[in-house]
Amino acid sequence: MSVNTNPFANYTLSIAAQYQDTKKGLTEAQKKPARKMYTTMDAMLQECVFLGATRFGTNYIA
């Protein structure tokens, strides 16, 4: 069994652990949410008429 004689080991390990947690959190935050896919135009229009304008452009008429 080895005894750690470095007095700053726990301090350094806690900083490294916080860095890893922050890195994982930032990676998760940068992921884009999954887009909702509609199989038919009717399914999209049942949810909201204005979705067509965001998906097909501003000249979209329902």
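The protein chain has a mean pLDDT of 77, and 71% of its residues reach 70 or more; pLDDT is the predictor's confidence in each residue, from 0 to 100. So this is a predicted model, where local features need pLDDT of at least 70 and side-chain atom pairs count only at pLDDT 80 or more, while totals for chains, interfaces and linings use all residues. Residues are numbered from 1 along each chain as its sequence is written, and side-chain values use heavy atoms, with hydrogens and water left out.

What's in the chain? There are three helices and zero strands, running α-α-α from the N terminus (DSSP runs numbered from the N terminus: helices are H or I with at least four residues, strands E with at least two).

| Helix | Mean pLDDT |
|---|---|
| H1, highest | 92 |
| H3 (residues 51-56), lowest | 64 |

Where pLDDT is low, the predicted coordinates should not be read in detail.

Of the 62 residues, 8% count as buried (under 20% relative accessible area; exposed is over 50%, partly exposed in between, with a 1.4 Å probe and protein chains only).

Now for some side chains. Phe 8 sits in the segment before helix H1 (9-29) and counts as exposed, because its relative accessibility is 55%. Together with Tyr 11 and Ile 15, Phe 8 makes a nonpolar patch on the surface.

The structure also holds one salt bridge, meaning a side-chain nitrogen of Lys or Arg within 4 Å of a carboxyl oxygen of Asp or Glu. Lys 31 pairs with Glu 28 here, their closest N and O atoms 3.1 Å apart. Lys 31 is exposed too, at 53% relative accessible area.

How values were computed. Patch = residues over 30% accessible without salt bridge, like charges linked within 9 Å, V, L, I, M, F, W, Y side chains within 5 Å. Areas by Shrake-Rupley, 256 points an atom, 1.4 Å probe, with all protein chains shown as cover.
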